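Subject: Structure handover

Hello,

Please find the structure below, followed by notes on what was found in it.

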Amino acid sequence: MSAILGPYLLGLRMLRSRGGENSAAGKALLLGVQGEEFLRQRRRPFGREEAPLCGLADYVNGLSVKGLLAQGTAFANSHPQKEALIRAYLKGLLCHRAYSEAIGPFLRAALSAYKQLDEPVRAMELDGDLPARVEAVYDILLLRYETGKLPFEVSLKETWPKEPALWRDVSQLYAKGLAGREGAVETQTVFEAMENRRRWMRLLNNRTTFKRSALGVWEGFLRRKGAVTARMHPLTEPDGFDYANVEAGAWQDPLSPGEERHESLFDRFEQAVETAGRWMDTYI
């Protein structure tokens, strides 16, 4: 998932309830809530090449919660000087997993329903990165739900704290503790991916609200429609679709046909909060 603010808000909720918002461990958790997605981001925003660590991202994503924590805690235990921060980062990864498991089915159902709309009704492009566009809408809806703020009132750089020493520790976790069957991964390569994520957050920051339109023109010139702007937050959700399902309409995850649900986006977010807390208490 390419959500940014949703997982971040979940991380903040957990920190408020458990303490440590401004601590080094709190910053480690906030890095963790963004998951392994930073490994997938291209080095050049408008490039077409695949990120060099996509294989590692796929491997980590494929681990069960128990498998992920087994490898992560083994690394933490063997590095006592980093243990507290690594464990905090692993708590963040649990938050990321909880968010993905709760929102993923809701997102898949929304994408399926959205594609069935008549073309004049659709407010977002289907030829760009539609999942990223919908997740960007979820981000701003959850931001209003949790804080009452609009997207230009928040800097995305807050979601990826600039902490080179912490980045180095986390890079070692991935390279030495989570690489698994991926084999040798250089710590420096992971560190560079973390630096790249920070650059992406600066690029996606749209606090003036004009950058998104300007980049859209540039994408059209390069024939790379949605390469960046699909991930940028609109000021508000487009009309014509109940993105949060506030009307409690029936929906089904395409991966679980026949299982009818009625929860809203906010119900699913609260479920993620509950799951993350339970996993923390059980596993860490």
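What volume does the largest pocket have? Its volume is about 360 Å³. The terms are as follows. On a 1 Å grid over the protein atoms alone, a pocket is an open set of points with protein on both sides within 12 Å along at least five of seven lines, while a cavity is a set of points where a 1.4 Å probe fits but cannot get out. Lining residues have an atom within 4 Å of a point. Grid points are joined across faces, edges and corners, and a volume is the space filled by probe spheres set on the points.

Before the rest, the provenance. This is a predicted model, in which local features need pLDDT of at least 70 and side-chain atom pairs count only at pLDDT 80 or more, whereas totals for chains, interfaces and linings use all residues. Residues are numbered from 1 along each chain as its sequence is written, and side-chain values use heavy atoms, with hydrogens and water left out.

Overall fold

The protein chain has 10 helices and 2 strands, in the order α-α-α-α-α-α-α-α-α-β-β-α along the sequence. The radius of gyration of the protein chain is 19 Å, close to the 19 Å that the globule rule gives for 284 residues, so the chain is as compact as a globular protein of that length. That radius is taken over C-alpha atoms, and the globule rule is 2.2 Å times the number of residues to the power 0.38. Helices (H or I, at least four residues) and strands (E, at least two) are DSSP runs, numbered from the N terminus. The C-alpha trace spans about 60 × 40 × 35 Å along its principal axes.

Of the 284 residues, 50% count as buried; buried means under 20% relative accessible area, exposed over 50%, and partly exposed in between (1.4 Å probe, protein chains only). Among contacts (heavy atoms within 4.5 Å) with a separation of 6 or more, 73% come from residues 24 or more positions apart.

Pocket and cavities

The lining of the largest pocket consists of 21 residues, and Ser 2, Glu 37, Arg 40, Gln 41 and Arg 231 lie nearest its centre. By class the lining has 9 nonpolar, 3 polar and 9 charged residues. Here Ala, Val, Leu, Ile, Met, Phe, Trp, Tyr, Cys and Pro count as nonpolar, Asp, Glu, Lys and Arg as charged, and the others, Gly among them, as polar. Helix H6 (130-147) and helix H8 (187-204) each supply at least two residues of this lining.

There are 2 cavities of 30 Å³ or more. The largest cavity holds about 80 Å³ of space. Its lining includes Phe 38, Leu 39, Gln 41, Thr 189 and Asn 196, and divides into 6 nonpolar, 3 polar and 2 charged residues. The second largest cavity has a volume of about 30 Å³. Among the residues lining the second largest cavity are Ser 2, Ile 4, Asp 139, Arg 231 and His 233; by class its lining has 4 nonpolar, 2 polar and 3 charged residues.

H7 (residues 164-177) has 14 residues, which at 1.5 Å a residue should span 20 Å; its end C-alpha atoms are 19 Å apart, which agrees. The expected span is 1.5 Å times one less than the number of residues. Buried residues of H7 include Leu 166, Trp 167, Asp 169 and Tyr 174. They are covered by elements including helix H2 (24-32), helix H5 (83-115) and H8.

H8 has 18 residues and reaches 26 Å from its first C-alpha to its last, close to the expected 26 Å. Arg 197, Arg 198 and Trp 200 are among its buried residues. The buried residues of H8 pack against H2 and H7.

Individual residues

Lys 211 is in helix H9 (residues 211-222) and counts as partly exposed because its relative accessibility is 28%. Leaving out residues up to four places away in sequence, Lys 211 touches Arg 202, Leu 203, Asn 205, Asn 206 and Met 232.

Which value does phi take in Arg 223? It is positive, about 60°, although Arg 223 is not a glycine. Arg 223 lies in the loop between H9 and strand S1 (251-252) and counts as exposed, at 75% relative accessibility. Ala 248 also has a positive phi, near 60°. Ala 248 is found in the loop between H9 and S1 and is partly exposed, with a relative accessible area of 40%.

Regards
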